[in-house]
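This report is an introduction for a reader who has not seen the structure before. The sequence and the model come first, and the description follows.

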Amino acid sequence: MVQPLIALSGIRREYPSGDATIAGLKDINLAIEAGEMVAIVGASGSGKSTLMNILGCLDQPTSGSYRFSGRETASLNADELAALRREHFGFIFQRYHLLNELTALGNVEMPAIYANRNRNERGARAAALLSRLGMADRTHHRPGQLSGGQQQRVSIARALMNNANVILADEPTGALDKYSGEDVLRILDELHAEGRTVVIVTHDMSVASRASRIIEISDGEIVSDSTNDRASTRPAVSDGREPAQSGRSSLAAWLDRFREAFRMALLAMQAHKLRTFLTMLGIIIGIASVVSVVALGQGSQQRVLADISGLGTNTLEIFAGKDFGDTRSSKITTLVVSDATELAKQPYIAAVTPTVSTSSTIRFGAKEASALTNGVGDRYFSAAGMKLSEGRFFDATSVRKVAQEVVIDANTRTALFADGTSPVGQVILAGKVPLRIIGVVQARQGGFGSNQNPSLYLPYTTVQARFVGSHSLRSITVRINDDVATTLAEQDVTRFLMQRHGRKDFFILNTDDIRKTITSTTQTMTLLIAAIAVISLIVGGIGVMNIMLVSVSERVSEIGVRMAVGARQGDILQQFLIEAMLVCLIGGVLGIAIALGFGAALSMFSTSFSVVYSTASIVAAFLCSSLIGVVFGFWPARNASHLDPVAALARE
Ligand code: ADP
Ligand code: MG
């Protein structure tokens, strides 16, 4: 026995209604042969649309069996049903259900995209269908620019795009004037004549009378099924379908669908520019702050580390006082030159440099200023990372010979040589001591020890001999032999000085410790601020999720149309995910650009900060923003892809 094209048996469709259920369809048994033209008539609410949706695999019955071409549909999943719709059914709705942001051509083409037809073929076929329906000069109009009759023709062209063998028309003339309605019916007649199966739902008997078979339903049941003698019956000679489309590589097809999804995402963003931008703002601010904070952190860390890198790893610095910032340390006079000379005799010590500080009034010509006078060793300059702007530093010989040579800083130069006289070679008076300037050091770029006070650097022997009566020192810098562990040496120096002083009135800084402390402090700070920035990113992501949920709910009916023409769940998911990712990616790129601009502005207007952008942090920011798009866009996109097609279509 030949299988009928459509075979329904015992179909029941129930809708929940409060605690009970109501049946839209009750026990429908129906067979439709290929090539038939069937009209389904009945009063409003009798179940016509419900039946139509089940026939078109948009909806599934609560119970009963629906075989299409002998294949049971009950066991098919959402994507298999979508494939059936794509390949076999063309829907024509009362309200046309065209997508407003696409042109007539774009609307007609849509089913072919999901059916993986290639672009040129697709465009040509859509144009041919439109011109066959008398719409050749309207292909680039949007639905809003077309009359109802014209829109319905576009929707018929869409139904024919994938060469459907079953045309399902639910009240196709319901919204049209008599003339346009006639026109649509004539087209349906033609499609039937080509051998297609046409099912038309109507409540208008004059429309139904054009069909060869009229099925009347009432209250969910078929009450009559009659052959209409008045209509001319045309037996199906062939199924009227053109040869099957050539297969395409799945990658090319996927790329095509991706491009379509991408285009739709762009259209959606364009339609709501302000909203999209505000959503993006969260991401922009988040990414910009993460990138700049990390860059600032790395910049300041590198700067500080560069400052102390000159100290070397095997150096100890002994200060008078109890700890850093001890306010009485200047009054503690127990750290003396003999400490330094005795320490120098220890076998594990390579070199010792005492540092003395005092203040004195300096004079050059009529100019006068108060300056910090530092007595230092010849190694001090490289250890402190100082650089000359002119002249030279003094050397070990100057220290030994108690030379009256001085290296001045930029502040001293400003104070005494504002008139532009070259300082090198000049003799200034510090107190009553004449000193020859041999070098000028560059101004410090922020960091440690930058201030406005003039400072002088002269051999510590000179300061001890000519300035300070006492032999007390500010600090002693000790360089340890390379083969001795710094910590062991530190313990030994502590013990040694404790013995000499009888108590601990000094403290020791180990450059290794300083380096570690600075590194870990700046890292902790960077991490902390970055964590705050990440929180702002998460907030931005929630904003994206929120707007995507809005976007999905606004476009439910579009989703319904796409599903009706055969979009897979994955196609819908992809479309919304791309939209979320685009918002985040564009936001991320703008954020990175702003961060770079901020860094450029900062280095232009301020010398006290430095920013270091690592490629890694920028790449990470980029990945991070796409990840946010995926993570926060997924749920709304999944919601969209799991919508029920019938419910989605019903939403206006
Ligand atoms: P028709 O198209 O013949 O006017 P329908 O098929 O739309 O009628 O509806 C048949 C019956 O099923 C009606 O009583 C209607 O209220 C009910 N029905 C249809 N869709 C739903 C739904 N989504 N939820 C609840 N009831 C529904
Ligand atoms: Mg209806």
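## A buried glutamate and its surroundings

E558 counts as buried because its relative accessibility is 6%, and the cut-off for buried is under 20%. This value, like the others here, comes from a predicted model.

E558 belongs to helix α17, which covers residues 556-564. Beyond its neighbours within four places in sequence, E558 makes contact with L99, E101, M264 and Q575. Helix α17 as a whole is mostly covered, with eight of its nine residues buried. Those buried residues are V556, E558, I559, G560, V561, R562, M563 and A564. Just after the helix comes G566, which has a positive phi of about 110°.

**Domains and annotated spans**

The protein is divided into three parts: domain 1 takes in 6-248, domain 2 is made of 261-305 + 517-650, and domain 3 runs over 333-504. Between the centres of domain 2 and domain 3, taken over C-alpha atoms, the distance is 54 Å.

An unreviewed UniProt entry lists four spans as "transmembrane region": residues 277-296, 525-552, 572-599 and 611-635.

| Span | Helix | Strand | Distance between end C-alpha atoms |
|---|---|---|---|
| Residues 277-296 | 100% helix | 0% strand | 27 Å |
| Residues 611-635 | 84% helix | 0% strand | 38 Å |

**Helix α2**

Another helix with buried residues is α2, residues 78-88. Its buried residues are L81, A82, A83, L84, R85, R86 and H88, so the list includes the two arginines R85 and R86 under the cut-off of under 20% relative accessible area. At the start of α2, the backbone nitrogen of D79 has a side-chain oxygen of N77 within 3.1 Å.

**A strand hairpin**

How do strands β9 and β10 run, and how many bridges join them? Strand β9 (residues 213-218) and strand β10 (residues 221-227) are antiparallel, and six bridges join them. Opposite I214 stands S226 of β10. Two residues lie between the strands of this hairpin, and D219 has a positive phi near 55° there.

**In brief**

E558 is buried at 6% relative accessibility and sits in helix α17, where eight of nine residues are buried. Elsewhere, six bridges join the antiparallel strands β9 and β10, and the side chain of N77 reaches the backbone of D79 at the start of α2.

Key:
Residues are numbered from 1 along each chain as its sequence is written. Chains are lettered from A and ligands numbered from 1 in the order in which they are written. This is a predicted model: local features need pLDDT of at least 70, side-chain atom pairs count only at pLDDT 80 or more; totals for chains, interfaces and linings use all residues. Side-chain values use heavy atoms; hydrogens and water are left out. Two strands pair if DSSP finds at least two bridges between them. Helices (H or I, at least four residues) and strands (E, at least two) are DSSP runs, numbered from the N terminus. Buried means under 20% relative accessible area, exposed over 50%, partly exposed in between (1.4 Å probe, protein chains only). Contact means heavy atoms within 4.5 Å. Domain bounds come from an automatic or database domain assignment. UniProt positions are given in the numbering used here, feature names are shortened, and annotations may be inferred rather than shown by experiment. A polar contact is a pair of N or O atoms within 3.5 Å; within protein, one must be able to donate a hydrogen and the other to accept it, and residues adjacent in sequence count only if both atoms are side-chain atoms.
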